[in-house]
Amino acid sequence: MRKSVTEIIEDQGYEGVVIFEAPDYTEAFLGVTDCNRAVYDFELMVKHLCDKEQLTRMEAIEVIEFDTIRSLSYQHNSPLILYRLEA
């Protein structure tokens, strides 16, 4: 069983890292920056909601854009979301 994001961060000795909690997007967690900010993969966040919440891709994107991304500016050291670019 995969560890929770909190366990992963604590095991590595990081403190004060703000993470997503509801939903936790564990499968989308990539790591922590040098300034203690959690990093998540957008596509894996979408996949998480589709798999765990049985949402369509478009519904998952809406949830992330409106419920998650819009709240980031209100948090100090909010998580970063990585958008993969196709080359």
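How many helices and strands does the secondary structure of the protein come to? In this predicted model, the count is three helices and three strands.

Let's start with the strands. They make up an open sheet with the order β1-β2-β3, and the pairing is mixed. β1 (29-32) and β3 (80-82) sit at the edges, each pairing on one side only. Ignore direction, and neighbouring strands of this sheet are turned by 30 degrees against each other on average.

Now zoom in on β2. This strand covers residues 38-41, runs parallel to β3 and is joined to β3 by three bridges.

Helix α2, residues 42-53, lies across β2 and β3, and it runs at about 70 degrees to β2.

Time to zoom out to the whole chain. A compact globule of 87 residues would have a radius of gyration near 12 Å, and the protein has 13 Å, so the two agree. The C-alpha trace spans about 35 × 30 × 30 Å along its principal axes. As for contacts with a separation of 6 or more, 39% of them are between residues 24 or more positions apart.

Finally, the surface: 32% of the 87 residues count as buried, where buried means under 20% relative accessible area. The protein exposes about 6000 Å², with carbon and sulfur atoms supplying 51% of that area.

Technical notes
Residues are numbered from 1 along each chain as its sequence is written. This is a predicted model: local features need pLDDT of at least 70, side-chain atom pairs count only at pLDDT 80 or more; totals for chains, interfaces and linings use all residues. Side-chain values use heavy atoms; hydrogens and water are left out. Two strands pair if DSSP finds at least two bridges between them. Helices (H or I, at least four residues) and strands (E, at least two) are DSSP runs, numbered from the N terminus. Axes are lines fitted to C-alpha atoms, for helices over the stretch in contact, and angles run from 0 to 180 degrees between N-to-C directions. Contact means heavy atoms within 4.5 Å. The radius of gyration is taken over C-alpha atoms; the globule rule is 2.2 Å times the number of residues to the power 0.38. Buried means under 20% relative accessible area, exposed over 50%, partly exposed in between (1.4 Å probe, protein chains only). Accessible areas come from the Shrake-Rupley method with a 1.4 Å probe; for residues, only the protein chains shown count as cover.
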